[in-house]
Amino acid sequence: MNISGWIMLVVSWTVIFSLVIFCYYRIFTISKSHMQAPLEIDTEGK
């Protein structure tokens with residue numbers, strides 16, 4: 001593989017890993033006040 005192929009490979013994997021890290025950071029740093037469950041859960045369906 002020539003140098004342009006290696007550059008494309010490294011740039012592509014860098015973008016993928018950066019997006020994964022950004023998404024995990026956003027998921028795990030959500031404040032607890034934004035997470036709300038209903039007070040009552042109806043389990044008599046189906």
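Helices (H or I, at least four residues) and strands (E, at least two) are taken as DSSP runs and numbered from the N terminus. The model is predicted: local features require pLDDT of at least 70, side-chain atom pairs count only at pLDDT 80 or more, and totals for chains, interfaces and linings use all residues. Residues are numbered from 1 along each chain as its sequence is written, and side-chain values use heavy atoms, with hydrogens and water left out.

The protein chain holds one helix and zero strands. Its C-alpha trace spans about 60 × 30 × 10 Å along the principal axes. Helix α1 covers residues 3-28. Met-8 and Arg-26 both belong to helix α1.

Accessible areas were computed by the Shrake-Rupley method with a 1.4 Å probe; for residues, only the protein chains shown count as cover. The accessible surface of the protein chain is about 5,000 Å². Carbon and sulfur atoms contribute 69% of that surface. A residue is buried under 20% relative accessible area, exposed over 50%, and partly exposed in between (1.4 Å probe, protein chains only). Of the 46 residues in the protein chain, 2% are buried.

Met-8 has a relative accessible area of 56% and is exposed. Arg-26 is exposed at 52% relative accessibility. Phe-28 is also exposed, with a relative accessible area of 67%.

Two C-alpha separations give a sense of distance. Met-8 and Ile-27 are 19 residues apart along the chain, and their C-alpha atoms are separated by 29 Å. Arg-26 and Pro-38 are twelve residues apart in sequence, with 23 Å between their C-alpha atoms.

Aromatic contacts were then counted. Rings of Phe, Tyr and Trp (its six-membered ring) pair if their centres lie within 6.5 Å; planes under 30 degrees apart count as stacked, over 60 as edge-to-face, and the rest as tilted. This rule gives two aromatic pairs. One of them joins Tyr-24 and Phe-28, whose ring centres lie 6.1 Å apart with planes at 20°, so the pair is stacked. Tyr-24 and Phe-28 are four residues apart in helix α1, and therefore about one helical turn separates them.
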